[in-house]
Amino acid sequence: MTPMTFMGHPRGLATLFFTEMWERLSYYGMRGLLILFLVDTLRGGYGLDDKTAAAIYGLYTASVYLLAVPGGWLADRILGQRTAVFWGGVLIACGHFSMAVGPVALFYLGLTLIALGTGLLKPNVSAMVGDLYPEGGARRDAGFSVFYMGINLGATIGPLLCSYFGEKINWHLGFAVAGVGMVFGLIQYRLGARHLGTAGELRGVTPAQRSAAISTAGKFGLFVLALGGVVAALHLMGIYLVNPQGIASVMSVSIPFFLLAYFAYQFLFGGFDAAEKKRLAVVLILCAASAVFWGGYEQAGSSLNLFAMRATDLFIFGYEIPAGWIQSLPAVFVILLAPVFGWLWIKLEKHEPSVPAKFAYGLAQLALSFFVMAWAGTFVTQAFKVSIMWLVVTNFLATTGELCLSPVGLSGMTKLAPRKIVGQMMGMWFLATSLGNLLAGMAAGYTEALGYVQLFSLVGAVVMGAAVLLGITAPPIRKLMGGVE
Ligand code: PHE
C-alpha cells in the first residue's frame, strides 16, 4: 500500500497543519478581541484605561512566547512533543471557555491557561513537522512552507469568526468561538495521530534522565509558585500593589537583561572558538533586530486595533465590519505573497540579499508602514474617521517586511548557532519575540497620551533607525557569519 500523502507530503503533515490552523484560529481570533474588550465601556467590557489594557495585552502575548521556552524543554525531556501538543491544546481550549464564562477571575485564569497551553503546543507542533522529514533538506523546507500556510489560514479565519461574534453579538461569545475552534483542532489531532508515525515521541532520554528532569521541573515549579506567593503576600499587605503596568515594566527590563547575560555567559564560558563566537554575535544582533521588528509588527493587535475601532470608517457597502476583521489582513497577505517572495529569492540567485540585509529590508518596510499610519493619523479628528485603505496599505507593508525577516530568522538561528546549543538558541529567539510582543503591547498604552501621529512616527523612526544601522553594518555582519548563508 502506498502511504497516503498530503499535497505530495507525508499524511502526518495534514494532521499537524490542521492542528496548528485551529490553534492559530483560536489565538488570533481571541487576540483580535482582547484589547477592544478591555477598553470597552459600552458593551460589557472592562472599561480599563489604555495604559492598563495595553499592558495586559502585552503581558499576555509576551507570555505566550516566553512559555514556549519551558514548553519546548518539557517536551524534549519529559513529555515528548506529541503529548505536549495534546495537553497544550486542552489547556488552550479550557482557557478560552474560562474567558467565555464571564467573571473577572475566570477571565484572567483563562489568559493564563492559554499562555501555558500555547507554550506547550506552539514550539512542539513545529518541531514535529521537522520530525516528519528525518532526511531534512529541501523537502523539509517545503513541508514548513505548507505548514506556514496552515498558521496563516487559521490567522485569517480566526478574527473573521471571533470578531463577528464578539463585536457584533457578545464579547464572551467571541471567546467561546475561539474555544470551539481549539476543540475541533484537538479532535482532528487525535483522529489524525495514527498518521504521525514516530514523530514527536519521546526519544533519546533514559528513565534516569527523565526522572532528573521531572525533579528539576518540580523545583522550578515550586520556585515560581513561591515567587507568586511572595508577590501576592506583598500585594495583600499593601507593600507592593500588583498592577499590569508595573509587571510589564519589570519584564521589559528583565528579558533583555537575561538575554544579554546569557550571551555574555556563552561568550566567556561556553568554550567556543573564534569562528563560533563571531556567529554567536550575529545571533545576538539578529535577536535584537527581531525584538524591534515584532515590537512594531504585533501592534496589529494593539494600537492598530484601537485605531481601527476608534479612527477608521469601517463601513463597506453600507455594512459596518467588526474592527477585528482588519486583523485578518496580515495573514491574507502572507498567504498571497509568500510564494512571490519564494520565487523572488530564487530569481535573484546570487544577488539574493544576505541574512542581515534581509533583516534590514524587513525593518525598513515595517517602518514605512508606521509612517503611513502616522500620515493617516493627521486626518483623524473627533468628527472624521479615515478610510480603511490606510490600514490595508499598512498591513501590506508590514507583511512584506515579515516575509523578508521571519522565515530567514528561524532558519538562520539553526544555521548560526553552535550545534550543542541550537535548542537554547531557538529559546533565545522566542525570548526576543516575546520581548517584541511585550513592547508592542506597551506602545499601545501611549495612544491617548501621544496621539496617533506622534506615536506612530516615533515607532516608525525607531524601527527605521534599526533598519539603517543594520543596513550599513550588513557587510561586516555577513563577514562574521563566516560563510554561513
Ligand atoms: N504569524 C506568526 C505565527 O503566529 C508569528 C510568529 C512568528 C509567532 C515567530 C512566533 C514566532 O506563527
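A residue is called buried here when its relative accessible area is under 20%, exposed when that area is over 50%, and partly exposed in between (1.4 Å probe, protein chains only). By that rule Asp50 is buried, because its relative accessible area is 2%.

The model is predicted: local features need pLDDT of at least 70, side-chain atom pairs count only at pLDDT 80 or more, and totals for chains, interfaces and linings use all residues. Residues are numbered from 1 along each chain as its sequence is written, and side-chain values use heavy atoms, with hydrogens and water left out.

Start with Asp50 and its helix. Asp50 lies in helix α2, which runs over residues 50-66. Helices are DSSP runs (H or I, at least four residues), as are strands (E, at least two), and they are numbered from the N terminus. Helix α2 is mostly covered, with 15 of its 17 residues buried. At its start, a side-chain oxygen of Asp49 reaches to within 3.2 Å of the backbone nitrogen of Lys51.

What does the side chain of Asp50 make a polar contact with? Its partner is the side chain of Arg310, at 2.9 Å. A polar contact is a pair of N or O atoms within 3.5 Å; within protein, one must be able to donate a hydrogen and the other to accept it, and residues adjacent in sequence count only if both atoms are side-chain atoms. The two side chains also meet in a salt bridge, defined as a side-chain nitrogen of Lys or Arg within 4 Å of a carboxyl oxygen of Asp or Glu. This pair links distant parts of the chain: Arg310 sits in helix α11, 260 residues from Asp50. Arg310 is partly exposed, with a relative accessible area of 32%. Contact means heavy atoms within 4.5 Å. Leaving aside neighbours within four places in sequence, the contacts of Asp50 include Val39, Leu306, Ala444 and Glu448.

The whole structure holds seven salt bridges. Another of them joins Glu298 to Arg31, with the closest N and O atoms 2.7 Å apart. It too links distant parts of the chain: Glu298 is in the loop between α10 (274-297) and α11 (303-311), Arg31 is in helix α1, and 267 residues separate them. Glu298 counts as buried at 4% relative accessibility. Arg31 counts as buried at 3%.

Helix α1 also carries a local pair. Glu20 forms a salt bridge with Arg24, the closest N and O atoms being 3.9 Å apart. Both lie in α1, four residues apart, about one turn of the helix. Glu20, Glu23, Arg24 and Lys122 are linked in a network of salt bridges.

Now the core. A nonpolar core is a set of buried Ala, Val, Leu, Ile, Met, Phe, Trp, Tyr and Cys residues joined through side-chain atoms within 4.5 Å. The largest one has 138 residues, and those with the most contacts inside it include Leu16, Met30, Phe307 and Phe456. Its largest share, 14 residues, comes from helix α1 (residues 11-39). The core draws at least three residues from each of domain 1 (7-205) and domain 2 (252-485), with bounds from an automatic or database domain assignment. Leaving aside neighbours within four places in sequence, Phe456 is in contact with Gln299, Ser303, Leu304, Phe307, Phe370, Met373 and Ala374.
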